[in-house]
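Welcome to this guided tour. Keep your viewer open and follow along, one selection at a time.

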Amino acid sequence: MTQTEPRVIRAPRGPVKTAKGWSQEAAKRMLMNNLDPEVAEHPEDLVVYGGRGKAARNWAAFDKIVETLDRLEDDETLLIQSGKPVAVLRTHEWAPRVLIANSNLVPHWATWEEFDRLDQAGLMMYGQMTAGSWIYIGTQGILQGTYETFAGAAQKHFGGSLKGTVTVTAGLGGMGGAQPLAVKLAGGVSINIEVDPTRIQKRLDTRYLDEVADSLEDAIVRAERYKGEGVARSIGLLGNAAELVPRLVALNWTPDLLTDQTSAHDPMWGYLPPVTPDEDAGKLRQDAPEEYRQRAYAAMAAHVRAMLELQRRGAVTFDYGNNLRQRAYEAGVEDAFSYPGFVPAFIRDSFCEGRGPFRWVALSGDPEDIRATDAALLELFPDDERLQSWLTYAADQIAFQGLPARICWLGYRERDRAARLFNEMVADGRLKAPIVIGRDHLDAGSVASPYRETEAMKDGSDAVSDWPLLNFGVGIASGASWMSFHHGGGVGLGFSQHSGLVIVADGSEDAAQKLARALTNDPGLGVIRHADAGYDLALDVARERGLDLPSLGI
Ligand code: NAD
């Protein structure tokens, strides 16, 4: 029998397009880039990151999307229903070229059980956040956000730097793999528990992780030594967090900072329960799914109980947006929510200013284009110290995965300025090909996620998902190249709804106008959402930067 070789996808590069417009070409290249082996966690299964976050429903759907984007006219819109291209409609030139809806279920049915049934019947796929919306750029994408979080923790608890502290976390996957480097950037030492040796190797290869310990005891010795020397360093540790975090309690050793980024949002496919050496987790999941589920839940409960105990002993503990607390709560840990999520703990002020992830990708494929945009932003925002230090570091240290890309955090009335500058640089030839601009859904105004982005809102409006729907509509009305509406990203089915925006700077005058509107209104919604919830900072920003909010008299 002949074995079929896995398909290897790599986006085309350069200034020559085969699609009829740059928005279509960009959508095609970004879909492909999401599945580039340098970018995706499991490209052979179309899985990009975040458990089973996929870019297309199956290979037939992928091929059909690519083929359709190549023939799509500038006044047509392609509809994608959970990773499958379902229709091409005549619209108009200012309409998005692609509209995407991923994993959405009527609230009463919004469970993993129902999703799994539909997934197995071939009717759905899980889009995560930037997987199904075609704007994942590899681990760098989250590095800046993760850095913001650890820098926020340093600011709040450790006098502005993590120097001389040890962080313990788990999960070195697509997103979690950014943690060791982010802690290091914030000045600290970290121990990073990961059950899959290939994930550890990948982080070593891409310089996100410095070294690997032989055992928990060895990791602690190394960490204490670096801590004492004030050296920033990251240590990987092979093992299961559900066993190793409780062992920290038993060893009576408490880290300074404690979190977790395993894929706990997905108890069936994301969080791996401990197995004995003669057991195969994959086989157990297939042969005895109920037993597997129960073991995953029991493991998450043990993990969280240990985190709570370490918190009582003084570790600054926070949830890192994977819904681990909820899973432990479902498994009977009543005080699972005794430690906060990272957004209310460290990020909310940024959201009040509409500050959030702004990412861009060079369709030329030439790293020089990203270098030129880095330099241009350093000049455009000379007074933003965080931006200055991040971009300087990133330009020097970040290894690109797939198409060269960059991310930084910019706020309301900043993203539009950056985007228009990039458009001018494409127009006058300073850049060799168009630039794609988008963002994560970990964002100020496009997400309803009560255990993450909208946890503990001032007015109690955590679960109101009118806001991401308005965001989806606003992007469409403002000239985005493609918009997406997803359910279940980050924290899993039933727990979040969120919208994604991507837009292309192709150097044209039309693009300049679309960029100005879309990238003013999109972060604007973050300010609006937080002003409406009563945050003083957001109200000030709304007044100072000229938003029109009739119900607030602004
Ligand atoms: P991933 O699936 O690529 O990686 C998860 C990693 O956890 C895998 O490498 C897996 O081997 C490891 N793992 C699973 N169970 C384990 C266990 N018991 N002990 C040790 N390691 C274990 O997922 P990802 O993209 O890295 O995302 C991780 C989680 O973070 C997801 O739940 C995701 O939804 C969430 N997330 C958070 C943010 C954020 O900003 N905080 C953003 C995106 C995603």
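Start by selecting helix H13 (residues 367–380) and helix H15 (residues 415–427): their axes come within 11 Å and cross at roughly 135°. Helices here are DSSP runs of H or I with at least four residues, strands are E runs of at least two, and both are numbered from the N terminus. The axes are lines fitted to C-alpha atoms, for helices over the stretch in contact, and angles run from 0 to 180 degrees between N-to-C directions.

The model you are viewing is predicted: local features need pLDDT of at least 70, side-chain atom pairs count only at pLDDT 80 or more, and totals for chains, interfaces and linings use all residues. Residue numbers start from 1 along each chain as its sequence is written.

Now show the side chains between these helices. From H13, pick Ala372, Thr373, Ala376, Leu377 and Leu380; they meet Arg417, Ala418, Leu421, Phe422 and Met425 of H15. Contact here requires C-beta atoms, placed from the backbone, within 7 Å. The residues of this contact divide into eight nonpolar, one polar and one charged.

Next, select helix H16 (residues 466–478) and helix H17 (residues 509–532), which pack at about 160° with axes 9 Å apart. That angle makes H16 roughly antiparallel to H17. Display Trp467, Leu470, Asn471, Val474, Gly475 and Ser478 in H16, and you will find them meeting Arg517, Ala518, Asn521, Asp522, Leu525 and Arg529 in H17. What is the make-up of the contact of H16 with H17? Its residues comprise five nonpolar, four polar and three charged.

Colour two annotated spans now. An unreviewed UniProt entry gives residues 9–135 as "domain: Urocanase N-terminal"; this stretch is 28% helix and 18% strand, with its end C-alpha atoms 15 Å apart. UniProt also lists residues 138–346 as "domain: Urocanase Rossmann-like" (unreviewed entry), a span with 48% helix, 11% strand and end C-alpha atoms 23 Å apart. UniProt positions use the numbering given here, feature names are shortened, and annotations may be inferred rather than shown by experiment.

Finally, zoom out: the protein chain has 18 helices and 17 strands, and its C-alpha atoms fill a box of roughly 65 × 60 × 45 Å along the principal axes.

Conventions:
Contact = placed C-beta atoms within 7 Å. Nonpolar A, V, L, I, M, F, W, Y, C, P; charged D, E, K, R; others polar. Parallel < 35°, antiparallel > 145°, perpendicular 65-115°, else oblique.
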